[in-house]
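Dear colleague,

Please find below the sequence and structure that I am handing over to you. My findings follow directly after them.

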Amino acid sequence: MTQSSPAHGSGPFASTLHSFRTVSGKSGKFYSLPALAKRFPGVARLPVCMRVVLESVLRNCDDQKVTAQHVAELANWQPNAPRTNEIPFVVSRVVLQDFTGVPLLVDLAAMRSVAVKLGKDPKCIEPLVPVDLVVDHSVMVDHYGKKDSLDLNMKLEFQRNRERYEFMKWGMQAFDTFRVVPPGFGIVHQVNLEYLARGVHKTTDGVKDGPIYYPDTLVGTDSHTTMINGIGVVAWGCGGIEAEAAMLGQPVYFLTPDVVGFELTGHLREGVTATDLVLTVTEILRRHKVVGKFVEFFGEGTRTLSLPDRATIANMAPEYGATMGFFPVDEKTIEYFTGTGRGKDEIEAFEAYFKAQGLFGIPSGEDIDYSQVVKLNLGDVTPSLAGPKRPQDRIEIGKVASQFASLYSKPNSESGFNQPAAKLVQVFNTASGLPVQNGDVLIAAITSCTNTSNPSVLLAAGLLARKAVEAGLKVKPHVKTSLAPGSRIVTEYLTQTGLMPYLEKLGFALAGYGCTTCIGNSGDLTAELNQVISQNDLICAAVLSGNRNFEARIHPNIKANFLASPPLVVAYAIAGNMNRDLMTAPVGQGHGGKDVFLGDIWPGSDEIYQLLKFAMNAKAFRENYARVKTEPGELWDHIKGTAGEAYSWPASTYIAEPPFFEGFTTKIVANDAYPTGAEGLKSTRNEANGVSIQGARIMALFGDSITTDHISPAGSINVTSPAGQWLLANGVQKADFNSYGARRGNHEVMMRGTFANVRIKNLMMPPDANGSREEGGVTLHQPGAQKMPIFDAAMKYMGAGVPTVVLAGEEYGTGSSRDWAAKGTQLLGIMAVVAKSFERIHRSNLVGMGVLPLQFKAADSWQSLGLSGNEVIDVIPDARLTPQSDAVLRITRADGTQTEIAVTLRIDTPIEVDYYRHGGILPFVLRQLLAA
């Protein structure tokens, strides 16, 4: 099935339908932006990424969902103006990973069940654009350091996830445009970069003569979908509920953004990697507060960057807060498409199309109007790590040891660990006598799409490993090492260059093709290591070549997590402790006890360059990805899914019919025009003056940088947690718990896992004598201040018909795109979140689930209001729910006194008002589909 299109060659912009010709003489049609610029001269000075978005709006203009006014507004974009216009962006395709893709598929199956119950054809719920799900988030590092680790880990993966994979097989036969890349091929963003992305698409739908070409664009249910921006594809991450809407024919709506131009000049110095560069870019752009903005790279320095280096920078757009980190198409993009085995005809069409549109080449800057310009001389970038808790906290390598020592004793309020300084160097022994101390590196992982898509840093790691082995260096015995690249191509070129045996010698044997440690699938530590850490409250470390290092994400018992380039991951595995300054102290002792320094084993750029030719083998890429269809793997072939257009919902602790459509009606009842949230709370929201929340209790008071990992963890499930207890009660043994990420198809697990991160701090809890707060998902139920898990408190409040709210600081919802952070919030009866600021995706997800996001004005916070958590909250927005209007936050304190302040309603666009009135995106879209 293809997405319905307007009648091409008609309408107000018919004159913009032009033809182009490839170098081989083949012709195609396209909606010409240069032609549109004759009517709107400002088009020629738009940032390249905005012109790609404009092409979609122009091509899909049907005067219904996309109007001529939308085209005119976007064509007249101004770099600095109030952002009130809404863009309806129709994407070419949708990409999913399995942790977010399975719950999306569950929602689609639930929508089909609703259709069947209402006597409708279940096939009316059908994706209208191509959808690819890449299974990459489920493999865990249970086995490591041995040649059979990959096989053993994959067998465990299929054993644990059989029910999920059977459900995927049902989806493959139930939906016409739904495809799956099976486990063992790689990480979604690297697979997207190397294989799924085609540059341009073509359609004959609504065309009289010849196909119409248009750019590849997409949304993905993973925040790092932005990696594809590195090859000039406009794309970003979104929640599963928003992706479902896009799949089912709804445009992706967003406010017209600012576009920040990032000018790169100069060249990287010898010994500096793409990882060092992206950590520097992340630090800079976080300072410039680019949340919700597009970032476009330009300038001579940008032209010098290889395509993999560009993809590395684009990948971490969520970490620097931007919607995108965009690199225009140029000669290096074409070289990459050729080297990765794309076909000659499609490469020619890709290049000819972008040249015909005037979109080919890296801008110099003077031809583009940006909202602001940020500059970086590549020569100023230095070797760095980031951590120990946030990706934007970059540390130059020579300052890592001193920074760790400083943070060790700093209070929690200063991002420290609040430990006595004297304990830093104290040594503790495990039961077997293994010495362990604070700062010890217990996990060293070469993993993640961010870096394993980049041959230069992978080859650097292999070369460093070779030099280290030849010098007689070994990895410390307490370090768990793993290699989990994002593509089979990586191990192919590491093998061809002869570097793989040296990585294996240091313990970096292939553990899997997937996200592993970066998503929290690092596997457990040994029981004795866990015991010595817990008994002595040790601050141990993980070093990984990933993009996220949020609290408790990598491993629940490892509190310090550092992002680093793959060669530095190997170096720190050898050094074994973060207290060692690798710029002045030896990495370790080699043959004959000789000190070996980092400079002795660090590879030169010429050494890396000589091996890069092995990484761009077009034939190897074509043969590898052909196996997705021809040889998906014996384990995958043995998975058998059920048949039928509607899912039968067999009993499962992995897959369950969600409650989001209970009581669904095809029309909104007049006196129930707002979402009811949890059962029994409806009366608090049906007020004559619009939607109001009355008599709400505070579920939690949070500080800054509460991530979606805090709100809805993806990693291991604690046996004593509400989710763990539910699994035990339903016959699941602890060894089979798997992870929260793998259980996202079952709402019973996920609602119990909401706010269950072991490191989250609810600041309602009183501090102890040292000023530290209790960690974990607990709250004080009011009245009475009874301590209990947040889930238990939510059930008590809901049972009593009492709504709840959450109050937080800056950057609420930063991190992954997981919509369960919003779904779980809604299922716990939380009606509103009031924060100092929101990350883009989570704010959108809250609206999409019918939860009100509200933002404090500049001078206000829950701290400035003196809130303790025993207050009662009322929220009164304006009657029309005008986007970004003021709402009243009324606070009634325990002594009966009241305070009222204005907060901003962060329902940002008119379409979001409609979503909210319907109870969220899914009911809105379902009503449209059933009506059609």
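In this predicted model, Glu296 has Phe326 of strand β14 as its opposite residue. Strand β13, residues 294–298, runs parallel to β14, and three bridges join the two. Both belong to an open sheet of four strands, arranged in the order β14-β13-β12-β15 with parallel pairing. At its edges lie β14 (324–326) and β15 (372–377), each of which pairs on one side only. On average, and ignoring direction, neighbouring strands in this sheet are turned by 20° against each other. Helix α9, which spans residues 274–287, lies across β12 (259–265), β13 and β15, and its direction is at about 145° to that of β15.

Leaving aside residues up to four places away in sequence, Thr302 touches Phe262, Leu264, Phe297, Arg310, Phe327 and Ile362.

Of the nine residues in β26 (693–701), seven are buried, so the strand is mostly covered. It is joined to strand β32 (residues 872–876) by three bridges, and the two run antiparallel; in this pairing Ile693 stands opposite Val875 of β32. With strand β29 (residues 804–807), by contrast, β26 pairs in the parallel sense over four bridges. Here Ile698 stands opposite Val805 of β29.

Helix α17 (residues 455–471) packs against helix α21 (residues 566–575) at an angle of about 30°, and their axes are 7 Å apart. Angles under 35 degrees count as roughly parallel, and α17 and α21 are therefore roughly parallel to each other. On the α17 side, the contact is made by Val457, Leu458, Ala460, Ala461, Leu464 and Ala468, while α21 contributes Pro566, Pro567, Val570, Ala571 and Ile574. The residues of this contact comprise 11 nonpolar, no polar and no charged.

In soluble globular proteins, nonpolar side chains tend to be buried together. The largest nonpolar core in this model has 237 residues, and the members that touch the most others are Val94, Leu494, Phe508, Met578, Phe755 and Tyr812. Helix α4 (residues 98–117) gives the most to this core, namely 11 residues. For Leu494, the contacts are Leu458, Leu459, Leu483, Leu499, Met500 and Leu503, again not counting residues up to four places away in sequence. There is also a second, separate core of 44 residues, which includes Val281, Leu285, Ala314 and Cys540.

Finally, a note on Gly42, which lies in the loop between α1 (33–39) and α2 (48–59). With a relative accessible area of 37%, which falls between the limits of 20% and 50%, Gly42 is partly exposed. Gly42 and Ala75 are 33 residues apart in sequence, and their C-alpha atoms are 6.7 Å apart in space.

Yours sincerely

Key. Residues numbered from 1 in each chain as written. Predicted model: local features only at pLDDT ≥ 70, side-chain atom pairs only at ≥ 80, totals over all residues. Heavy atoms only, no water. Core = buried A, V, L, I, M, F, W, Y, C linked by side-chain atoms within 4.5 Å. Buried < 20%, exposed > 50% of the residue type's maximum accessible area, 1.4 Å probe, protein only. Contact = heavy atoms within 4.5 Å. Axes fitted to C-alpha atoms, helices over the stretch in contact; angles between N-to-C directions. Parallel < 35°, antiparallel > 145°, perpendicular 65-115°, else oblique. Nonpolar A, V, L, I, M, F, W, Y, C, P; charged D, E, K, R; others polar. Pairing = 2+ DSSP bridges.
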